[in-house]
Amino acid sequence: SIESSARRASALSPHIGYKKVLVTGGAGFVGSSVAAYLLERGDDVVIVDEMNDYYDVRIKENNLRRLREAYPDKKRLAIYRGDICDEDFMLTLFESERPQWVCHMAARAGVRPSIQDPYVYIHSNIRGTTHLMELSHKFGVKNFVFASSSSVYGGSNSTFFSEDECVDNPVSPYAATKKACELLAYTYHHLYKLNVTGLRFFTVYGPRGRPDMAPFKFIDRVSRGFELQQFGDGSSSRDYTYIDDIVDGIVRSIDRPYPYQVFNLGKGSGNSLKEFINIVEKHVGRKAIVKVLPDQPGDVPYTCADVSKAYDLLGYSATVSFDEGIRRTVQWYQEEYVKNICIEPETQANGMGRAPS
Ligand code: NAD
């Protein structure tokens, strides 16, 4: 029962606000990192993940293996493989596990692939999120926290993004699905008083980071002596957020239910592409081979999160500098990725990482 789990959890750790949290996408980058944090502080975690092959599934298997090794007790950590859109499967899961908190990280991520195959994004992101909110209101979930994205600001003219800006101009199917999730979240709050919070992440990086994103790609390519593609003169700048800061924001949000809220989670400052490459070179200990190409159409020169709302209402503020975050990521790449999970260099896509997702 939940009560006996709570007693067990509090015997393991001083954490008093025990929770049983369903983490969807818990084998992925952000989901597995949140799960690790929640387990460490004494919460119980139920993971559901379909283990899709959007990127090398060995990375996800490794994420789950690490969690399982650290938490062999299946009552503390339950892992289910399946699609969040599968109604029978998810109903059975809710009936047997009865999670009271939902941390919904499962989604098809990535901006550019969503243009090639929008349907899979509509399925996992819109249908999947709707289904989870249906179950959450039926099973009396206390707080539903989900991953939105900075990509919802796509068509905005500003470069310093704050939540109250009008963001009805998503410029990719991926961004449109995330905006749709925010709209549906409001509907579920309105109709059923479900507490829902959407978190707009700004380019997350760190150990176990996604191999389709620039931070991983740059470290990988510089380490292997492969060429990097730099679009523009290197002065364009983005808000890169270290995974521990994102996890901190997610957990603060889980612990602080609001009837309906949307927050930016970012570092709150940008780093230029040139700086980015220099920092990677410093920590990898190798010069990058850079091929300079013209700016890509649609690229914006500077994007940055206004995180004052998350600071005011959640007490969130990012603490890990880009330099320190890249140092830790390179360390993970060298000590864990290359030794335990390494994929063949030929399978790496060329050049620059995808746009923030
Ligand atoms: P990820 O791909 O590593 O993790 C997502 C996980 O969800 C994967 O393990 C995948 O197998 C699982 N999944 C996808 N569809 C599913 C389905 N229908 N049923 C069950 N499992 C499913 O991605 P991530 O970087 O960890 O992103 C986590 C969340 O944060 C996503 O919602 C993403 O859109 C959002 N986000 C990420 C970033 C970033 O920079 N990483 C930025 C903005 C938003």
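Predicted model: local features only at pLDDT ≥ 70, side-chain atom pairs only at ≥ 80, totals over all residues.

Visitor: How many residues surround the ligand?

Guide: The closest residues of the shell include Gly25, Gly28 and Phe29. Ala107 and Ala147 also belong to the closest group. The residues that surround the ligand number 30.

Visitor: Which element supplies the largest share of the shell around the ligand?

Guide: Helix H2 (29-41), strand E2 (44-49), helix H6 (118-138) and strand E5 (143-149) each supply at least two residues of that shell. The largest share is three residues, and the element that supplies this share is H2.

Visitor: How many residues of the shell around the ligand are nonpolar?

Guide: The shell also holds nine polar and six charged residues. The nonpolar residues of the shell number 15.

Visitor: How far apart are the C-alpha centres of domain 1 and domain 2?

Guide: The domain assignment gives domain 1 as 2-204 + 241-265 and domain 2 as 206-238 + 270-302 + 322-347. The distance between the C-alpha centres of domain 1 and domain 2 is 26 Å.

Visitor: Which element gives the most residues to the side of domain 1 that touches domain 2?

Guide: The contact between the domains takes 16 residues from domain 1 and 14 residues from domain 2. On the side of domain 1, the elements that give two or more residues are H2, helix H3 (57-70) and helix H9 (243-255). The highest contribution is four residues, and the element that gives it is H3.

Visitor: How many residues on the side of domain 1 that touches domain 2 are polar?

Guide: That side of domain 1 also includes six nonpolar and three charged residues. The number of polar residues there is seven.

Visitor: How many charged residues are in the contact of H2 with H9?

Guide: The axes of H2 and H9 come within 10 Å and cross at roughly 65 degrees, and the crossing is right-handed. By class, the contact of H2 with H9 has nine nonpolar residues and one polar residue, and the number of charged residues is none.

Visitor: How many charged residues are in the contact of H10 with H12?

Guide: In this contact, Ile279, Val280, His283 and Val284 of H10 meet Phe322, Asp323, Ile326, Arg327 and Val330 of H12. By class, the contact of H10 with H12 has six nonpolar residues and one polar residue, and the number of charged residues is two.

Visitor: What is the orientation of H8 and H12 to each other?

Guide: Helix H8 (residues 214-224) packs with H12 at an angle of about 60 degrees, and the axes of H8 and H12 are 11 Å apart. The crossing of H8 and H12 is right-handed. From the angle, it follows that the orientation of H8 and H12 is oblique.

Visitor: Which residues of H12 meet H8?

Guide: On the side of H8, the residues are Pro215, Ile219 and Ser223. Those of H12 that meet these residues are Thr329, Val330 and Tyr333.

Conventions:
Residues numbered from 1 in each chain as written. Near = placed C-beta within 6 Å. Nonpolar A, V, L, I, M, F, W, Y, C, P; charged D, E, K, R; others polar. Contact = placed C-beta atoms within 7 Å. Domains from an automatic or database assignment. Axes fitted to C-alpha atoms, helices over the stretch in contact; angles between N-to-C directions. Left-handed = near helix turned anticlockwise from the far one by under 90°. Parallel < 35°, antiparallel > 145°, perpendicular 65-115°, else oblique.
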